[in-house]
Amino acid sequence: MRLYNNQEDRARRVISACDGRGTIFDMLGGQFLNKKIQKLYDGHLPLYSQLQVSLGLNRDLSKEPHWVTYILHKPIIIAGEERYEISVKHYCFDPSLAPAGKSVMIIMLSTPYDYWQRIYGRPLYDAEQIQESQILIDQLEEFYPGIKADIEFIDVATPLSYERYTGNWQGSNCGWLLAKETMFMMVAGLEKTLPGLDNFYMIGQWVEPGGSVPIVAMSGRNIIQQICHEDKKEFIVTVPESRSTEATQSLSSSLKN
């Protein structure tokens with residue numbers, strides 16, 4: 001590790017928590033590969049590339065289910081594909097995200113990365129975001145009558161937005177998409193080391209299929225447990241005292257009830 005003052009520190013082990021493809025092919029220059037890894041990242045497997053429309057609403061949705069998938073009576077066309085369902089989520093379970101009486105809502109759906117990449121950097125890219133968001137908002141009006149008038153803020157994120165801000169390959173926010181082509185590897189699990197590179201490990205959504213923050217956090221925990229096993233050390237879990245006390249009190253309250 002080279003610091004700004006050019007001081008270099010050598011690590012006994014390196015754990016990469018970065019994008020999988022970026023780590024293997026960019027940072028390491030594709031030097032530590034086998035046919036299995038090459039095939040994994042050749043682009044033929046489906047990914048969680050996502051379009052997200054975020055809304056700031058002058059409406060309290062706290063009594064509504066916080067995550068719903070609506071089945072549409074008629075398909076809508078989004079990014080050149082017919083869609084028969086949309087997933088809607090609000091965040092009223094976290095009062096810190098919006099003032100009292102207001103809500104944050106997002107509409108999420110998978111979308112082809114190539115579609116957005118082709119038009120990125122052109123006026124059509126911005127126009128397409130506006131058009132697709134309006135189609136989804138029109139659909140939302142059917143499930144939440146009058147919601148158009150309650151919208152105070154709109155933000156649209158495409159796979160290119162995710163890629164730009166997170167560095168994740170094709171803007172995937174959960175790694176591999178759960179599909180027929182990926183089912184076996186999700187069950188069998190993925191290697192967290194690279195051939196020919198000692199003392200190096202990978203964690204995150206590209207080696208723990210399923211993605212999401214809890215899965216990624218678990219990935220880091222698991223690799224520490226593996227390292228403890230390699231070093232013949234006991235793996236010990238500790239919980240901060242304050243959290244431990246809260247958990248104990250919560251359990252005691254549940255038992256009483």
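What follows is a walk through the model, one selection at a time.

**Before you click**

This is a predicted model, where local features need pLDDT of at least 70, side-chain atom pairs count only at pLDDT 80 or more, and totals for chains, interfaces and linings use all residues. Residues are numbered from 1 along each chain as its sequence is written, and side-chain values use heavy atoms, with hydrogens and water left out.

**Stop 1: Thr 111**

Select Thr 111, and you land in the loop between β5 (103-110) and α3 (113-119). Names like these come from DSSP runs numbered from the N terminus: helices are H or I with at least four residues, strands are E with at least two. Is Thr 111 buried or exposed? Thr 111 is buried, because its relative accessibility is 6% and buried means under 20% relative accessible area (exposed is over 50%, partly exposed in between, using a 1.4 Å probe and protein chains only).

Now show the side chains of Thr 111 and Trp 116: a polar contact of 2.9 Å joins them. A polar contact is a pair of N or O atoms within 3.5 Å; within protein, one must be able to donate a hydrogen and the other to accept it, and residues adjacent in sequence count only if both atoms are side-chain atoms. Leaving out residues up to four places away in sequence, Thr 111 also touches Ser 49, Gln 50, Leu 51, Ala 79, Arg 83 and Pro 159, among others. Contact here means heavy atoms within 4.5 Å.

**Stop 2**

In soluble globular proteins, nonpolar side chains tend to be buried together.

Zoom in on Ile 86. Not counting residues up to four places away in sequence, Ile 86 touches Val 68, Thr 69, Tyr 70, Leu 72, Ile 76, Ile 107, Leu 136, Gln 139 and Phe 143.

**Stop 2: Phe 32**

Ile 37 turns up again when you select Phe 32. Leaving aside neighbours within four places in sequence, Phe 32 is in contact with Ile 24, Ile 37, Leu 194, Pro 195, Gly 196 and Leu 197. Phe 32 sits in the loop between α1 (20-27) and α2 (35-40) and is buried, with a relative accessible area of 18%.

**Stop 3: the largest pocket**

Select Gln 50, Ser 87, Met 108, Leu 109 and Ser 110. Of the 20 residues that line the largest pocket, these are the closest to its centre. The volume of this pocket is about 450 Å³. On a 1 Å grid over the protein atoms alone, a pocket is an open set of points where a 1.4 Å probe fits, with protein on both sides within 12 Å along at least five of seven lines; lining residues have an atom within 4 Å of a point. Grid points are joined across faces, edges and corners, and a volume is the space filled by probe spheres set on the points.

β4 supplies the largest share of the lining, 7 residues. By class, the lining has 10 nonpolar, 6 polar and 4 charged residues. Ala, Val, Leu, Ile, Met, Phe, Trp, Tyr, Cys and Pro count as nonpolar, Asp, Glu, Lys and Arg as charged, and the others, Gly among them, as polar.

**Stop 4: the second largest pocket**

Next, pick Asn 168, Asn 173, Gln 205, Ser 212 and Val 216, the closest to the centre among the 16 residues that line the second largest pocket. About 340 Å³ of space lies in this pocket. α7 (213-230) gives the largest share of the lining, 3 residues.

**Stop 5: two positive phi angles**

Most residues other than glycine have a negative phi. Gln 170 has a positive one, near 55°, and lies in the loop between α5 (159-166) and α6 (183-188). Finish at Lys 232, whose phi is also positive and near 55°. Lys 232 is in the loop between α7 and α8 (241-256).
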